[in-house]
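Here is a short briefing for someone seeing this protein for the first time. Please look over the sequence and the model before reading on.

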Amino acid sequence: MCATCGCGADEAVITLAGHHHPHDHPHDHDHPHDHVHTETITLEQKVLAKNDLVAEENRRRLADRDILALNMTSSPGAGKTTLLERTIRDLGGQRPIAVIEGDQETLLDANRIRDAGARAVQINTGAGCHLDADMVRRALDTLDPEPGSLLFIENVGNLVCPAMFDLGENSKVVVISVTEGADKPLKYPHMFAAAGLVVVNKTDLLPYVDFDLEACAGYARSLNPGVNILPLSATTGAGVADWYAWVGLLANRPQTGQMSLHSVDKTNSPE
């Protein structure tokens, strides 16, 4: 249960792309019902504390296998899946890539990832609006990524709750598109404050939309000084080389089991 938004995690179903058998497992936690209206803060603290413990277990597990995990977040339709498809096709021959897909329903994105050439597992959260560390733990049991892999965790399209839930990733990546407002960082400050990288996607549409790239970068850095800003187009490929450089530099460093944010400075960030 997410105490912040009231969504429930109990309905989450995990399915390996290409298979129709859902991997659903029983859970061993209680569901307190008494006096919920007076215990919101306490419940939120307990939920997040438990989540953080599982997230640290995930992080150590991944570090032991030298797996770089990136938590990909965005609003719906910003282009996360398209960026991952291109990344898989371009980098898949260099090292194994695995993807955990988060959506409320359907296997559509996991199937797209599989068709691009990577192994994928789909988490359907039902009414839930974000992934949590226990969902990722169960997905890792099913996916079992190879040592030395890149692991992309594509979170549910939402810029609110995913900011609060550590999944065991090395860094959060926020993807926004130029079809959204340049003031997005100010509207969703917690997510942008937690990000190690901000990808501004769909730059091929800049001539046709009212989007101020420099203003957006300034808003993001007012919340997160020094954060990397990467303008690119996942559709045309413009700027993706800098995305690959950012991922590659993180991946080629020994994974320590600690979260990394501002680890790489090589970008085409607007100044």
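Predicted model: local features only at pLDDT ≥ 70, side-chain atom pairs only at ≥ 80, totals over all residues.

Residues are numbered from 1 along each chain as its sequence is written, and side-chain values use heavy atoms, with hydrogens and water left out.

**Overall make-up**

- The protein has eight helices and eight strands, taken as DSSP runs numbered from the N terminus (helices: H or I, at least four residues; strands: E, at least two).
- Of its 271 residues, 54% are buried; buried means under 20% relative accessible area, exposed over 50%, and partly exposed in between (1.4 Å probe, protein chains only).
- Of the contacts (heavy atoms within 4.5 Å) between residues at least 6 apart in sequence, 75% join residues at least 24 apart.

**Nonpolar cores**

- A nonpolar core is a set of buried Ala, Val, Leu, Ile, Met, Phe, Trp, Tyr and Cys residues joined through side-chain atoms within 4.5 Å.
- The largest core holds 32 residues, and those touching the most other members are Leu70, Met72, Phe152, Val173, Val199, Trp243 and Trp246.
- Elements giving two or more residues to this core include β2 (68-74), β6 (171-177) and α8 (240-251); α8 gives the most, with seven residues.
- Beyond its neighbours within four places in sequence, Val173 is in contact with residues including Leu70, Met72, Val199, Trp243 and Trp246.
- Another core, of 20 residues, lies apart from the largest one and has Leu16, Leu140, Leu151 and Ile153 among its members.

**Helix α4**

- Helix α4 (residues 133-143) is largely enclosed by the rest of the structure, because eight of its 11 residues are buried.
- Among the buried residues of α4 are Ala133, Met135, Val136 and Leu140.
- At the start of α4, a side-chain oxygen of Asp132 comes to within 3.1 Å of the backbone nitrogen of Asp134.
- Asp144 follows α4 and has a positive phi, near 50°.

**Salt bridges**

- The whole structure contains 14 salt bridges, each a side-chain nitrogen of Lys or Arg within 4 Å of a carboxyl oxygen of Asp or Glu.
- Shared partners join Arg61, Asp134, Arg137, Arg138 and Asp141 into one network of salt bridges.
- Arg59 and Glu56 also form a salt bridge (2.5 Å, N to O); being three residues apart in helix α1 (residues 40-64), they are separated by about one helical turn.
- Arg59 is buried, at 3% relative accessibility, whereas Glu56 is partly exposed, at 32%.

**Cysteines and loops**

- A search of the whole structure finds zero disulfides (pairs of cysteine sulfur atoms within 2.5 Å).
- Cys129 is buried at 18% relative accessibility, and Cys216 is buried at 2%.
- Thr106, in the loop between β3 (97-103) and α3 (108-116), has a positive phi near 75° and is partly exposed at 41%.
- Lys202, in the loop between β7 (197-201) and α7 (213-223), has a positive phi of about 65° and is partly exposed at 22%.

Methods: Polar contact = N/O pair within 3.5 Å; in protein donor to acceptor, adjacent residues only side chain to side chain.
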